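This report describes how the copies of a chain are arranged and how the parts of one chain meet.

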Protein chains: 2
Amino acid sequence: MKTVKIDLGARSYEVRIGRGILGRAGEILPWIEGAQACIVTDQIVAERYLAPLRAALADGGKEVTECVLPGGERDKTLDGVSRIFETMLRARCERGVSVIALGGGVVGDMAGFAAACYQRGAPFIQAPTTLLAQVDSSVGGKTGVNHELGKNMIGAFHQPRRVLADTAVLDTLDKRQFSAGMAEVIKYGAINDAEFFTWLEENIGAVMAREHGELEFIIERACANKAQVIERDEHENASGGGRALLNFGHTFGHAIEAGAGYGNWLHGEAVATGMVMAARMSARLDMIPAEECARLEKLLRAAELPVAPFAGIDADGMLDLMRGDKKVRGGKLRLVLLRALGAAEVVEDYPPEALREIVAQFTAGKSA
Amino acid sequence: MKTVKIDLGARSYEVRIGRGILGRAGEILPWIEGAQACIVTDQIVAERYLAPLRAALADGGKEVTECVLPGGERDKTLDGVSRIFETMLRARCERGVSVIALGGGVVGDMAGFAAACYQRGAPFIQAPTTLLAQVDSSVGGKTGVNHELGKNMIGAFHQPRRVLADTAVLDTLDKRQFSAGMAEVIKYGAINDAEFFTWLEENIGAVMAREHGELEFIIERACANKAQVIERDEHENASGGGRALLNFGHTFGHAIEAGAGYGNWLHGEAVATGMVMAARMSARLDMIPAEECARLEKLLRAAELPVAPFAGIDADGMLDLMRGDKKVRGGKLRLVLLRALGAAEVVEDYPPEALREIVAQFTAGKSA
């Protein structure tokens with residue numbers, strides 16, 4: 001059992017990491033103040049994990065409402081969240097209801113946004129059931145939905161009261177989903193923790209074999225790195241470092257997802273390829289040597305993630321999508337690049353043709 | 001020209017009240033940090049006031065996007081806000097865009113909620129064009145939309161950077177809308193400011209004739225009263241006093257609006273009748289003498305507001321709607337009642353038959 005403290009003043013909370021904690025009433029009941037709880041989950045997760053959580057809450061005397069979503073990035077829209085509101089209103093959930101997200105990143109984003117907006121703010125608890133959600137999306141308070149014109153364009157900052165990362169759920173996690181989570185784990189090494197990056201290079205075999213101790217360690221280390229960043233910049237207001245650094249690979253990645261249509265790429269897969277593009281750009285600007293770029297690619301490949309050129313969009317289309325991304329400030333596309341493996345920075349001043357060159361390498365001859 | 005300071009720490013701002021300030025660039029430009037502004041308004045307001053505001057912004061070098069809503073409480077939905085997002089995304093508004101609400105309460109609520117959620121939070125400015133919005137909804141940071149199962153059930157707290165209350169716009173304000181605004185003005189006297197209540201009784205003629213000095217005074221005094229309350233309880237967390245007191249007449253009023261269908265009653269009209277019901281309940285519980293109840297009714301009548309029994313819903317239906325209102329905590333319907341003209345309090349402990357009696361007086365024999 002491990003604990004990572006997220007220190008945000010009045011909004012502080014703990015990430016609890018351990019095997020089987022989702023079934024332990026003592027890990028969740030004390031964080032539910034009122035009489036009501038609303039579990040938001042998706043169909044696949046519901047079959048496996050809803051019953052024990054519901055039982056723990058009901059045994060604790062809570063009035064439990066459930067909202068089972070279809071699941072998937074395509075449902076992550078205002079309409080999708082509207083169905084959560086409808087379920088909560090029909091069940092007469094009051095403003096003090098605790099909304100519990102039981103699921104992956106999509107469920108967490110939607111349930112968190114619903115909690116943020118339900119009667120202008122209800123308490124929220126994260127019970128992430130994918131590696132990606134455990135190491136990344138469940139921590140830090142970002143919630144929201146997609147718009148057809150852009151990913152995560154509508155949302156709120158709404159910190160959870162507690163995060164329960166049960167490593168037992170990873171035993172049955174789909175292989176592709178597990179790898180997608182590894183993309184964000186590797187990201188934390190690349191942007192903020194050289195020692196962790198080296199540890200991952202040495203232990204990627206045990207991690208991919210899902211050894212219990214190794215899983216607990218990577219979740220703890222990823223969350224601790226994320227905590228460091230968000231404690232400096234909770235609402236992504238810092239212009240240079242801060243939370244923007246967490247977007248390493250994401251400006252490229254979001255454009256890949258949008259260009260190829262949401263749902264074809266997993267978020268983590270697009271981020272993996274996006275990190276390779278960002279690293280290549282860093283090398284192109286002589287910020288890192290080509291060998292460090294190669295180390296990142298090798299580790300991502302060992303985590304069974306895509307790192308190669310892709311189909312579905314041409315260079316102009318990709319650049320256009322990148323400029324539409326919300327990391328644009330004052331019309332200038334800011335990039336998160338590496339100045340070493342283990343240290344990222346925001347770069348605004350670069351030759352535009354260098355970016356076009358990198359994008360063309362990954363999209364050339366691949367337009368639909 | 002008058003100024004009311006809203007003191008909320010890092011989220012403090014000023015309400016500026018004066019004739020013609022909407023056309024003064026100096027009142028707005030310094031509060032727009034970035035290069036972009038998005039004006040959200042409705043069709044009727046756009047015809048009268050959009051051009052000068054747009055010109056002031058454009059002359060100041062801002063890139064201006066406009067979103068003209070159909071207007072009306074029926075459009076205050078998630079779908080309505082979604083159209084604001086679409087306009088902003090198509091115009092490539094960045095996260096730093098200043099969203100300006102030019103209009104009444106509906107425009108302010110929708111634009112404020114859009115600003116709260118656009119890329120997880122954009123700066124926001126209120127330019128209220130109705131008396132109701134100037135004295136009430138533009139101050140305090142409450143934003144949101146209706147759900148078919150309840151009014152204002154979805155929303156966020158998002159404080160504006162500045163409120164510009166131009167009294168010149170009241171010259172052309174529809175008579176019914178003006179009276180609706182007066183309901184909230186009178187509310188501040190009733191719940192928090194006995195001296196102001198007496199002033200209103202003595203000067204209601206000049207106010208209803210829309211004398212310039214009197215208008216500036218009532219807006220200033222209403223905002224100053226609201227400031228006092230929200231500075232104590234920004235996010236409506238106080239269990240007893242605090243922001244809940246602002247809901248005097250509103251639990252009844254929301255049920256009237258919902259029961260009669262949104263759009264048939266103006267919000268202020270429903271609040272007026274709701275205040276009479278709350279005052280009668282206060283008298284029924286011996287909290288105030290019947291004469292104070294009569295004074296409130298007389299003042300509301302002088303402001304040309306409805307204070308009588310109404311059609312469209314029966315007592316059971318009304319009680320059911322009141323219990324579905326978000327002011328319910330722990331299943332118990334809390335009421336904001338008067339312990340004097342000029343002082344309100346939250347009451348949880350009352351005989352349920354007393355409430356039924358009051359509701360029946362206003363709905364008896366009137367069911368559809």
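## Symmetry and contacts

Leu78(A) is the residue of chain A whose C-alpha comes closest to the rotation axis, at 3.7 Å. This is a predicted model, in which local features need pLDDT of at least 70, side-chain atom pairs count only at pLDDT 80 or more, and totals for chains, interfaces and linings use all residues. Residues are numbered from 1 along each chain as its sequence is written, and chains are lettered from A and ligands numbered from 1 in the order in which they are written.

Chain A is superposed on chain B by a rotation of 180° with 0.0 Å of shift along its axis, at an RMSD of 0.0 Å (least squares on the C-alpha atoms of residues with pLDDT of at least 70 in both). The two copies are thus related as by a two-fold rotation axis. Because 100% of the interface residues of chain A are also interface residues in chain B, the copies meet through the same surface.

Chain A is divided into domain 1 (2-171) and domain 2 (175-363), with bounds from an automatic or database domain assignment. Their centres, taken over C-alpha atoms, are separated by 26 Å.

Residues are in contact if their C-beta atoms, placed from the backbone, lie within 7 Å. The two contacts are listed below.

Methods: Contact = placed C-beta atoms within 7 Å.
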